[in-house]
Amino acid sequence: MSTPAHEALDRHATPWLFATALATTAPHFMHQPLWLSAVAGAMLLWAVWQWWKDVRLPGRWLLFLLVVGGSAGILGEFRTLFGRDAGVAMLVMFMNMKLLELKSRRDAMVVVTLGYFLLLTHYLYSQSIPTGIWLLAAMWLVTATLIRLHGGPSSRPRETLRYAGVLCLQAIPFMLVLFLLFPRIPGPLWGLPSDAFTGKTGLSDTMTPGSIAQLVQNGDIAFRVRFDGPLPPRQKLYWRGPVMEQFDGTTWHLYKGRQPTAQLESLSPPIGYETTLEAHNERWLLALDAPVALPAESLLNGTLTAISRNPINERKRFRLSASLDYRLNTSEDPAVLRRNLALPASGNPQTRALAAQWQAGNRPEAVIAKALALFNAEFTYTLQPPLLGQHGIDDFLFRSKRGFCEHYAAAFVTLMRGAGIPARVVGGYQGGEFNPLDQYLVVRQSDAHAWAEVWLAGMGWVRVDPTAAVSPSRIETGIANALAFGEPLPMLIQMRADWIRTLRYRWEAINNAWNQNILGYDPQRQRELLARLGLPDTDWRSLAIALGSACGLLVAGLMGWALYKRPEGDPVVRLWHKALRHLARRKVDCSPWETPLDLARRVREQRPELAEAFQRVVDAYLVARYGNTDQHLKTLRDAIAQLR
Amino acid sequence: MGIVATLQQKLFRWRSDGTAPLRLGQRRIFIIPSRGGLLYALALVVMLIGAINYNLALGHALVFLLAGLGIVGMIHTFRNLHGLIVTPGRSAPVFAGETAHFQITLDNDRPTPRPGLELEAESGNPVSATVNRKKGAKLKIPVSTQNRGWLDLPRIRLSTRYPLGLFTAWAYLQPAMRCLVYPQPIAAPLPLASPTPVGGERSGDGGQEDFAGFRERQPADSPRHVAWKASARNAGEGPLLIKQFAGGAQVELMLDWQLTDPVLADETRIGILTGWVLAADAADAHYGLRLPGVDIPAGSGERHRQRCLEALALCLP
């Protein structure tokens, strides 16, 4: 198919398309397999070379081979052509391949539309503020490309970019209106591909020595909390995740069977709070111990973990309340107690021996005290414990004596079970960092923690945190102060200089505001906002009316601007007419044939009080209109101002 | 007038706009999404579904921003035509089969340029234009010709897709312009010149040889014939003077309808006569033209040639 001359792409428009392709596909480099980025980059370079040397475009069969080869590569890499990552990879490849066959303006339109589409795909991976800014800039560039395509060769790059900026700015009011008023449909509309939510970090439902230590090295935010009242004391902030009751010698597991319902007796008034969980792909809500009121679509399981019906695979907000002092299951099911006394048939003989020795003639409270005293006296809290052998807990308790919270929790629970006290490991987070700027408590992955719970007759399940015995500062001030310098903690939380901390607080507060108000704008928030605007109980119909009228107003405003014709003519003459209007208001009309000097003479006769001021206007007017300079506009304007 | 014709007139201005300059108002301008615009809209719908499905707040924002951009683009496309001033110009006569060029001036009194304009009288043959800020652009619209006679400028479509190409805005123009189409010349040997001057003893005017005196210059006279020295004598007071020559015993060539073969079709005969006129003019001959109902006395020069060709273009045998 040949291209008509006027539809052909002019040579100097092509670099804009290269820039578009680069700006919209390059950020995917960060999470794509390397070979794919290399292929895409090579195709872009090929297209540029081809343009530079002005050589013929590759033939149809070659392009076909490229498409087939690229698709086969993607199929091999992702095992599908459709999921999220494979789909994005296909788009990136097509984008760069399309550059090899740019002939007509229509080809260019395909590139531009694909470019706009690719912008969206970046949000699948990140919706942070920097991504937003980068994509806004990329959109500006793509729009400039579009203008360049239709403006022809006469448009200069700077003007094109400026005009694109004007268009994008004018589009922003529409975006705001649509963003606020467009009826939000809670997604997903259909099952998401299985790779939709990969790569999220968080607690897992098992615990082995080292699993939490690894998580702690991640500075990402796990969740943010805003309390209705004052911040509770730090050492009470235990955020409960999975409770692990089964031990196979090295790994602690969740009990998957049926659990009796938890009987909770709260001993202190409830504290209300709102938590915003980052996606972690598990179902627990990481509620503050002990949760007394839960959001809809969630429940409390037998081990006091708040569980959501669906996995938390995107940032979500929940309202909860907690009672800091409580009693849990004072009368426990014997099956549960049996489960929490079980130890593997063999292994860790020294630990068992020690526990048996403690059990003889001691009350449970005394056994617990002995264990904590042991930890306190001889143990070190570190992220880098030595490797443990086959009898891990023996090795830890009697030889290395260095470990992280999961070592202490595991050893403590093993000791307790050996001494006949029902005990279990609780995973979750402890503490958090209070940001004074926006009053949010930020809990990071580095606050991940494991502790123990023991069951005592008459008291139910009681929290015992062996880490507190080893390193009290971990609980009271946070992990950064509890570890020796040089431990592999995230840079972010190691920096303790005040100005860095203030900067970080500010950045995180901005991010949080972004998350809460923009990313977290959901049907619920939309209803709240509309109620505040005086539109309570909105349904889609009233939303559509509001949306339609707002957009109509915007369009009308823009049309007014488009149809508005600037006043024509010499500014001096316009100013003179303004002066005449002033005179007319004072009942002195100027006849069409009257010269300014004649008029001035008449004003002196009829309105002597105006004469002096008007004479100045006439002088300034004559100089401005007939003088050989542009400098007198201001004099004239001032003279007219005095006429008033 | 039928309903269709009325509608055409009301909606599409299927009638002459006269010869006066014309400013495009909003009632003349039509706008619909272009093919690129439909592709864009489709992409937006898919993107919106994606944004809902993956619950991407920024995806929503992007889609809404792009939708806003589309609306803004529509208004800017409309604005690229709105207020443009169209002034009909001239058109030089052409021979049938050649392409006639109608000159049209587009004026922009806005302080921003208007790129990406396209004017099209026949589909598939548009003229592109950019009118710079506060400037005018003279354009020649090509129209192919077939028959001799007056060719009226067909309805012109003035369209633009600038800036974003998502919408096509257009206006129909029909300025009263026509172009004279001369018959297509057919090459044939000139008839023999008649040795006796036609018209008796009268010596032809406008010869080239003997100086015969001065006369006042008329607008049709070539500046080359102005007697500058003689005119300068009364230094700008009187009119410019033209030297007149008398031809003396010049041979006159009368190109007569009767000289062509009567068995040929009328149009062929006219074509032959046209060829003769061109050949005689090229040979700098002194020639006249006689057609049914038309008699042009012998003469020569550009004006004479035009007169003959015009008579041939409009002749009704």
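Two residues are in contact if their C-beta atoms, placed from the backbone, lie within 7 Å. The legends below refer to a predicted model, which scores ipTM 0.75 and pTM 0.73.

**View 1. Surroundings of Val277(B) in the largest nonpolar core.** Setting aside residues up to four places away in sequence, Val277(B) touches Leu255(B), Leu289(B), Arg305(B), Cys308(B), Leu309(B) and Leu312(B). The largest nonpolar core has 117 residues, and Val277(B) is listed among those with the most contacts inside it, together with Leu99(A), Leu62(B), Val63(B), Leu255(B) and Leu312(B). Helix α3 (residues 57-81) of chain B supplies the largest share of this core, 15 residues. Another core, of 81 residues, lies apart from it and includes Tyr273(A), Leu285(A), Leu328(A) and Ala409(A).

**View 2. The contact between chain A and chain B.** Chain A contributes 49 residues to the contact and chain B contributes 45 residues. On the side of chain A that touches chain B, two or more residues come from each of α5 (105-122), α6 (129-151), α7 (157-181), α18 (498-519) and α20 (540-563) of chain A. Of these elements, α7(A) gives the most, with 10 residues. By class, the residues on this side of chain A comprise 35 nonpolar, 12 polar and two charged.

**View 3. The six-stranded open sheet of chain A.** The strands follow the order β8-β11-β6-β2-β17-β16 (chain A), and their pairing is antiparallel. At the edges stand β8 (291-293) and β16 (433-435) of chain A, each of which pairs on one side only. From one strand to the next, the twist averages 40°. Strand β2 (residues 221-227) of chain A and strand β17 (residues 440-444) of chain A are joined in the antiparallel sense over four bridges. Within β17(A), Val442(A) is the bridge partner of Arg224(A). Helix α18(A) packs on the sheet, where it touches β2, β6 (271-277), β16 and β17 of chain A, and its direction makes about 80° with that of β16(A).

**View 4. The buried position of Gly241(A).** Gly241(A) belongs to strand β3 (residues 238-247) of chain A. This glycine counts as buried because 25 C-beta neighbours lie inside 10 Å, and the cut-off for a buried residue is 20 or more. Not counting residues up to four places away in sequence, Gly241(A) touches Leu203(A), Trp284(A), Leu286(A), Thr305(A), Gly427(A) and Gly428(A). Although Gly241(A) and Leu285(A) are 44 residues apart along the chain, their C-alpha atoms are separated by 7.3 Å. Leu285(A) is also one of the residues of the core of 81 residues.

**View 5. Helix α19 of chain A and the glycine that follows.** Helix α19 (residues 523-532) of chain A lies largely in the open, because the number buried among its 10 residues is zero. After α19(A) comes Gly534(A), whose phi is positive, near 90°.

**View 6. Confidence along chain B.** Chain B averages a pLDDT of 82, and 83% of the residues score at least 70.

Conventions: Residues are numbered from 1 along each chain as its sequence is written. Chains are lettered from A and ligands numbered from 1 in the order in which they are written. This is a predicted model: local features need pLDDT of at least 70, side-chain atom pairs count only at pLDDT 80 or more; totals for chains, interfaces and linings use all residues. A nonpolar core is a set of buried Ala, Val, Leu, Ile, Met, Phe, Trp, Tyr and Cys residues joined through C-beta atoms within 7 Å. A residue is buried if 20 or more other C-beta atoms lie within 10 Å of its own, exposed if 12 or fewer, and partly exposed in between; C-beta atoms are placed from the backbone. pLDDT is the predictor's confidence in each residue, from 0 to 100. Ala, Val, Leu, Ile, Met, Phe, Trp, Tyr, Cys and Pro count as nonpolar, Asp, Glu, Lys and Arg as charged, and the others, Gly among them, as polar. Two strands pair if DSSP finds at least two bridges between them. Axes are lines fitted to C-alpha atoms, for helices over the stretch in contact, and angles run from 0 to 180 degrees between N-to-C directions.
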